[in-house]
Amino acid sequence: MTEVEGRRLALSNLEKVLFPASGTTKGELLHYVATTAGALLAHVHDRPMSFLRFPDGVTGETFFTKNPPPGKPAWLKTAEVPRSEGTTARQVVVSDLASLMWAANLVVEFHVPQWRVDSPGVADRMVFDLDPGAPAGTAECAEVALWLRERLAADGLGAWVKTSGSKGLHVLVPVEPTPSERVTAYAKALAQEAEASLGGLVVARMTRALRRGKVFVDFSQNAASKTTAAAYTVRAREGATVSTPVGWEELEARPRGLSFGMEEVVGRLVEYGDLLGPLLNPNRAGGLPPL
């Protein structure tokens with residue numbers, strides 16, 4: 001048993017290899033989560049948590065769940081949140097180091113919506129998930145992200161960016177509390193505008209057959225029922241890559257091969273601090289213009 005902030009946790013199978021390509025173990029994953037907890041907690045604070053679990057490593061079964069797992073500790077914070085067709089259900093709210101380490105011990109990616117538990121379906125941020133279709137990659141995503149930054153600025157909105165931890169980028173925008181449906185409609189309009197403005201580079205439709213060599217601008221994660229991989233979460237990918245904040249200047253200077261592992265992210269936090277920190281400042285939030 002391990003004690004974390006007065007809570008007793010059973011952290012198990014620490015030598016188990018979760019990422020065969022890099023040999024990364026569960027113990028190393030837990031150490032990373034503990035080391036980056038301050039930044040990670042800031043970006044999931046007061047948001048209902050969903051988990052993509054990969055308990056047997058990235059080559060084993062993965063499954064996505066919003067429900068608290070059986071056997072959760074009595075002290076774990078949960079909240080009642082809306083689900084489909086007017087129903088509600090409880091979800092975990094990771095609010096401190098003990099609950100973060102409890103969740104990390106389940107071997108998970110952390111996913112959260114764009115709203116907080118005290119205002120379900122009322123977003124305080126907007127996200128664009130830039131997903132490249134091969135042979136497009138991060139360089140093409142960077143071009144789209146930079147276009148979005150300028151277009152958002154024209155509407156008085158600031159934007160920050162992180163890697164998805166997979167193939168693409170996430171552009172994040174703090175907004176004044178706004179119904180998720182309204183945020184989704186605005187994001188969809190900008191995605192369609194990007195498709196029209198950037199020639200054959202962008203597709204705003206989900207049809208996979210249209211994506212080859214293009215960047216899909218996914219606006220759908222702004223829907224109240226959808227979630228996005230949190231900043232600093234490790235993804236269930238070979239190499240134990242992390243969803244990592246990057247600076248706009250860095251993105252312009254180094255658009256290709258933006259991929260970071262756990263040790264690199266720890267070093268970046270020491271060197272740069274949390275590059276997504278401004279996203280948490282309510283004074284940065286902007287209002288959406290009329291469609």
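Colleague: How much space lies in the largest cavity?
Modeller: This is a predicted model: local features need pLDDT of at least 70, side-chain atom pairs count only at pLDDT 80 or more, and totals for chains, interfaces and linings use all residues. Residues are numbered from 1 along each chain as its sequence is written, and side-chain values use heavy atoms, with hydrogens and water left out. A cavity is a set of points, on a 1 Å grid over the protein atoms alone, where a 1.4 Å probe fits but cannot get out; its volume is the space filled by probe spheres set on the points, which are joined across faces, edges and corners. For the largest cavity, that space is about 90 Å³.

Colleague: Which residues lie nearest the centre of the largest cavity?
Modeller: Its lining (residues with an atom within 4 Å of a point) divides into 8 nonpolar, 3 polar and 2 charged residues. Here Ala, Val, Leu, Ile, Met, Phe, Trp, Tyr, Cys and Pro count as nonpolar, Asp, Glu, Lys and Arg as charged, and the others, Gly among them, as polar. Strand 10 and strand 15 each supply at least two lining residues. Of the 13 lining residues, those nearest the centre are R125, K162, L172, A229 and A231.

Colleague: Which helix gives the most to the lining of the second largest cavity?
Modeller: About 50 Å³ of space lies in this cavity. Its lining includes V265, R268, L269 and Y272. Helices (H or I, at least four residues) and strands (E, at least two) are DSSP runs, numbered from the N terminus. With 4 residues, the top contributor is helix 7 (residues 262-272).

Colleague: Which strand supplies the largest share of the lining of the largest pocket?
Modeller: A pocket is an open set of points with protein on both sides within 12 Å along at least five of seven lines. The largest pocket has a volume of about 400 Å³, and D129, H170, Q221, R235 and R237 lie nearest its centre. Its lining has 6 nonpolar, 8 polar and 9 charged residues. The largest share, 4 residues, comes from strand 10.

Colleague: Within what arc do the buried residues of helix 5 fall?
Modeller: Buried means under 20% relative accessible area, exposed over 50%, and partly exposed in between (1.4 Å probe, protein chains only). The buried residues of helix 5 are S180, V183, T184, Y186, A187, L190, A191 and A194. They line one face of the helix, because their directions from the axis, taken to the C-beta atoms, fall within an arc of 165°.

Colleague: Is T25 buried or exposed?
Modeller: T25 lies in strand 4 (residues 24-25). It touches L14, E15, K16, V17 and L18 (contact means heavy atoms within 4.5 Å), not counting residues up to four places away in sequence. Its relative accessibility is 13%, so T25 counts as buried.

Colleague: How far apart in space are R211 and L201?
Modeller: R211 is found in the loop between strand 13 and strand 14. R211 is buried, with a relative accessible area of 9%. R211 and L201 are 10 residues apart in sequence, and their C-alpha to C-alpha distance is 9.3 Å.
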